[in-house]
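Colleague: Hi! Could you walk me through this one? I'm still learning how to read structures.

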Amino acid sequence: MNIFNKKSIGLDIADHTVEAAELLKEGNGYKIISKNRLAIEPGVVESGRIKNEKRLGEIIAKLFKEAKPSAITDKKIIFGLPESQIYTYVLRLGAHKEKDREALVLVEAKKIVPLEEENLIFYFQVIKILESGETEILLVAANRESILEWYDFFRKQNIKVGIIDIEPLAIYRSLFEKNTQKPTAILDLGAANSKVYLFDKDGLRHSYVINIAGDKITKDLAEKFKISFAEAEEQKIANGLNGERKEIADVIKKHLEAILAELKESFDFFIKKTNQNIAEVILVGGTGKMIGIVDYFKDSLNLPVKLGESPLIKSDLPFEYLESAGLALRGLGRVITKDEKSFDLDQVEEDSKLLGKLAEVKKSDAKILKKEEKNYGAIQSDEEPEGGDEDKYSSQSQQLEKIKKDNQQIEKKLRNQKIALVIILAVGLIAVGLAFLYRVYGTKKETKNNSADFGQYSQIQTVDIKVPVAVEPKQYTAERVSGRIIENFIQTLGDYDSMINNSEAAVENVLNQGEAIIPEPINKSTILSATTTPITVRWIVYREAEADSLFLNELEKNNKNKEKYILSGIIKKRAEPTENSGIYYLDASATVFGNKLIDFGK
């Protein structure tokens, strides 16, 4: 018996599937000793957020219990945070002192990560220091609310999270025994979306999400051939690109061509940033097993392309378990860099305890308040209350005051963690307010001087305006609104309005603070023509304050003669696609009042 053997469990949860892999370290190698994979029905996890905690808990329990060849009984895991909740960037910092690095990274993170500061949690690690004195940094950020949500979920299941890892690093860890020395692309062809991860000898250099994947191909087949989603999935797998039915292959190729175009864009970005060409492509994800797909990408890219497999694990590792195995490897000490970082679980634990205690105190507070109201009513109705009742009432009042003070102390600590964001938001609001006052100041001054009223600006007009919204982090700039795409699935056919209203309500539940939804889905025509379920609804959400600021700037820029006006409101209407799949236009109409029609041009 080898007493130095060590076990580790990796848990990977996506919107549609969950996988667990338990590995055993044997000398210099690794062996998979138990594994399981289950489907997750729609409505349990959406866009990486838990929507049905009870049902997910049942699925995880079943996953562990029915693992083969034996149940997984350990309750400590390495968890892969869903990719839709992760933001990765490569930053380049100018020459600086090491002690200032974290503060500098925070400044950059606040600029590029589409999250409010109070919801921002991140870690970073140095990629390399350049001859110029600049430092390349890998920044990994996430939504604090999302991490707390997952952390608290596992705590309720009596599962301890050892490390929160990220998908690209977990997959890479499975694929390479030693770090690759040549630029390599990992193309993860999943169900809901496809991901591109670009690595070189220094580690992860670029990640990119493509909103086309297996489910979209299957749905298109189902609609085209008037068959169920399940039948379309079967035919997609059986026929692939090389089957007898050319019409099926043609539908598949149409989507692969779109993926290919965005993949090439990622390669161009990588070449521009690193002056290196991609040398190899590795396919992972369920759609990567489709018949003929390896040859398709090999011929289209004129590069070596292969299916991913792990050289580290002695026993056969099924294709679908590459990520969960990579997570488990992290728990066994397999790292990509010597100082590989992860999210600070001590801080997550502290935040979780604070929020939990605050919830308990508020619950207790509410109970005592209710009890006090009852006792107070009894005392009021008793003309001569006994001393014992008065003492009891006094004692309860003191207890109530103590709980209120505890409550205030906890809330104060939480507020202190958010104070920086409040200041930033206040400055932003003041800036927007001043900008608005600047636009109408001349008008208000004149009305005051001649005792006129709002009525002199009786000419009302509607102005069509639009601003660009970037839905991919690499497209974010100061001249574009930061946004993202959220997909929601409709399981039951109905009239368009009711389906859209239900879908929009579900998406509103996963919005980050400061985000808003463009009121019309970007695939409206597809939804209207759908005859089978599930129906994918694609929404764009955006940073509302950024949009309002850009709309104001656009109005002012187009006000050719610098006429005075009062802005009544801006109604956002729909998203308009551009040639760049990562950028849309947000169409809106602004209502303004002037003393005549104003030329806002185009």
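Colleague: Thanks! To start, in which loop does Pro69 lie?

Modeller: Pro69 is in the loop between helix H1 (53-65) and strand E6 (76-81). Keep in mind that this is a predicted model.

Colleague: Is the peptide bond from Lys68 to Pro69 cis or trans?

Modeller: The bond from Lys68 to Pro69 is cis, with omega near 5 degrees. For background, most peptide bonds are trans, and most residues other than glycine have a negative phi.

Colleague: Speaking of phi, what is the phi of Asn158?

Modeller: Asn158 has a positive phi of about 60 degrees, although it is not a glycine. You'll find Asn158 in the loop between helix H3 (144-156) and strand E10 (160-166).

Colleague: And is Asn158 buried or exposed?

Modeller: Asn158 counts as exposed, because its relative accessibility is 62% and the cut-off for exposed is over 50%.

Colleague: What about Lys226, what is its phi near?

Modeller: The phi of Lys226 is near 55 degrees, a positive value in a residue other than glycine. Lys226 lies in the loop between helix H5 (214-225) and helix H6 (229-239). With 61% relative accessibility, Lys226 counts as exposed.

Colleague: New topic: sheets. In what order do the five strands of the open sheet come?

Modeller: The order is E13-E12-E11-E14-E15, and the pairing is mixed. Strand E13 (203-210) and strand E15 (305-307) stand at the edges with a single partner strand each, so one side of each has no neighbour in the sheet. On average, neighbouring strands of this sheet are turned by 20 degrees against each other, direction ignored.

Colleague: How many bridges join E12 to E13?

Modeller: Seven bridges join strand E12 (residues 194-200) to E13, and the two run antiparallel. To find a spot on screen, look for Val196, which stands opposite Tyr208 in E13.

Colleague: Which strands does helix H7 lie across?

Modeller: Helix H7 (residues 246-274) lies across strand E11 (184-189), E12, E13 and strand E14 (280-284), and runs at about 150 degrees to E13. Helix H8 (residues 293-301) lies across E11, E14 and E15, at about 160 degrees to E15.

Colleague: At what angle do H7 and H8 pack?

Modeller: H7 and H8 pack at an angle of about 50 degrees, and their axes are 11 Å apart. That makes H7 oblique to H8. The crossing of the two helices is right-handed.

Colleague: Which residues of H7 meet H8?

Modeller: On the H7 side they are Lys253, Leu256, Glu257, Ile259, Leu260, Leu263, Lys264 and Phe267, which meet Ile293, Tyr296, Phe297, Ser300 and Leu301 in H8. By class, this contact has nine nonpolar, one polar and three charged residues.

Colleague: One last thing: how many of the nine residues of E19 are buried?

Modeller: Nine of the nine residues of strand E19 (residues 535-543) are buried, so E19 is largely enclosed by the rest of the structure. Ile535, Val537, Trp539, Val541 and Arg543 point one way, while Thr536, Arg538, Ile540 and Tyr542 point the other way. In a regular strand the side chains alternate between the two faces of the sheet.

Colleague: And which strands pair with E19?

Modeller: Strand E17 (residues 481-490) pairs with E19 in the antiparallel sense over eight bridges, and there Gly483 has Tyr542 as its bridge partner. Strand E18 (residues 515-517) also pairs with E19 in the antiparallel sense, over three bridges, with Val541 as the bridge partner of Ile517.

Key:
Residues numbered from 1 in each chain as written. Predicted model: local features only at pLDDT ≥ 70, side-chain atom pairs only at ≥ 80, totals over all residues. Heavy atoms only, no water. Pairing = 2+ DSSP bridges. Helix = DSSP H or I, 4+ residues; strand = E, 2+ residues; numbered from the N terminus. Axes fitted to C-alpha atoms, helices over the stretch in contact; angles between N-to-C directions. Contact = heavy atoms within 4.5 Å. Parallel < 35°, antiparallel > 145°, perpendicular 65-115°, else oblique. Left-handed = near helix turned anticlockwise from the far one by under 90°. Nonpolar A, V, L, I, M, F, W, Y, C, P; charged D, E, K, R; others polar. Buried < 20%, exposed > 50% of the residue type's maximum accessible area, 1.4 Å probe, protein only.
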